[in-house]
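Student: Could we go through this model together, one question at a time?

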Amino acid sequence: MSFKGQIEAQCPNSTECEAFEADVWSFIRGDTSPELRESILYRECNLLLCPQCGVAFMPEAAWIYYEPPLELLAFVFPESFRDKEQYWREKMATDFQQMKGALGKDMPVDLEPELFFGTEDIAKLLESEDFLGEEREVMEFLAK
């Protein structure tokens with residue numbers, strides 16, 4: 001199950017546009033929400049359009065991606081957060097402990113979260129995993 005939250009978004013044209021309320025994904029479970037997984041691959045996850053000027057932009061909002069078959073738990077922070085990476089690593093560790101408490105048996109004990117800034121690197125990781133899965137399928141077919 002995936003979850004949305006609401007944020008106050010600010011268009012990059014902030015001198016011309018007012019802030020507005022927007023729904024964004026805060027937790028995405030990739031194996032049960034294939035359309036959201038695809039939106040990450042297309043680099044469109046949480047992409048917003050300013051209702052005043054029409055500019056497309058990524059909001060300053062973090063989100064979590066979880067795909068158990070890949071043993072992947074990713075905390076995805078906005079690219080602009082990269083300059084304070086150590087702070088966000090510590091925050092991720094704290095938030096992860098809270099998640100483990102909330103998810104209980106649904107969270108593998110040995111799973112460690114990965115940290116990403118922006119959608120590009122997590123999209124590349126998912127593309128690589130898809131490629132490896134396709135290669136595995138071909139090899140299994142040929143092995144028969």
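The questions below go from the whole chain to single elements and residues.

Tutor: This is a predicted model, in which local features need pLDDT of at least 70 and side-chain atom pairs count only at pLDDT 80 or more, whereas totals for chains, interfaces and linings use all residues. Residues are numbered from 1 along each chain as its sequence is written, and side-chain values use heavy atoms, with hydrogens and water left out.

Student: Which helix of the protein chain has the highest confidence?

Tutor: Confidence is given as pLDDT, the predictor's own score for each residue from 0 to 100, and the protein chain averages 89, with 95% of the residues at 70 or above. The lowest mean, 83, belongs to helix 2 (residues 85-103), while the highest, 97, belongs to helix 1 (residues 34-41).

Student: Why does the end-to-end distance of helix 3 agree with its length in residues?

Tutor: The expected span is 1.5 Å times one less than the number of residues. Helix 3 (residues 120-143) has 24 residues and should therefore span 34 Å, which agrees with the distance between its end C-alpha atoms, 35 Å.

Student: Against which elements do the buried residues of helix 3 pack?

Tutor: Buried means under 20% relative accessible area, exposed over 50%, and partly exposed in between, with a 1.4 Å probe and protein chains only. In helix 3 the buried residues include Ile122, Ala123, Leu126 and Gly133. Counting contacts as heavy atoms within 4.5 Å, the buried residues of this helix pack against helix 1, strand 5 (63-67), strand 6 (72-77) and strand 7 (114-117).

Student: Is glutamate 21 buried, partly exposed or exposed?

Tutor: Glutamate 21 lies in strand 2 (residues 20-29), and, leaving aside residues up to four places away in sequence, it touches Gln6, Ile7 and Glu8. Because its relative accessible area is 49%, glutamate 21 is classed as partly exposed.

Student: How far apart in space are glutamate 21 and glutamine 97?

Tutor: In sequence, glutamate 21 and glutamine 97 are separated by 76 residues. From C-alpha to C-alpha, the distance between glutamate 21 and glutamine 97 is 29 Å.

Note on methods:
Helix = DSSP H or I, 4+ residues; strand = E, 2+ residues; numbered from the N terminus.
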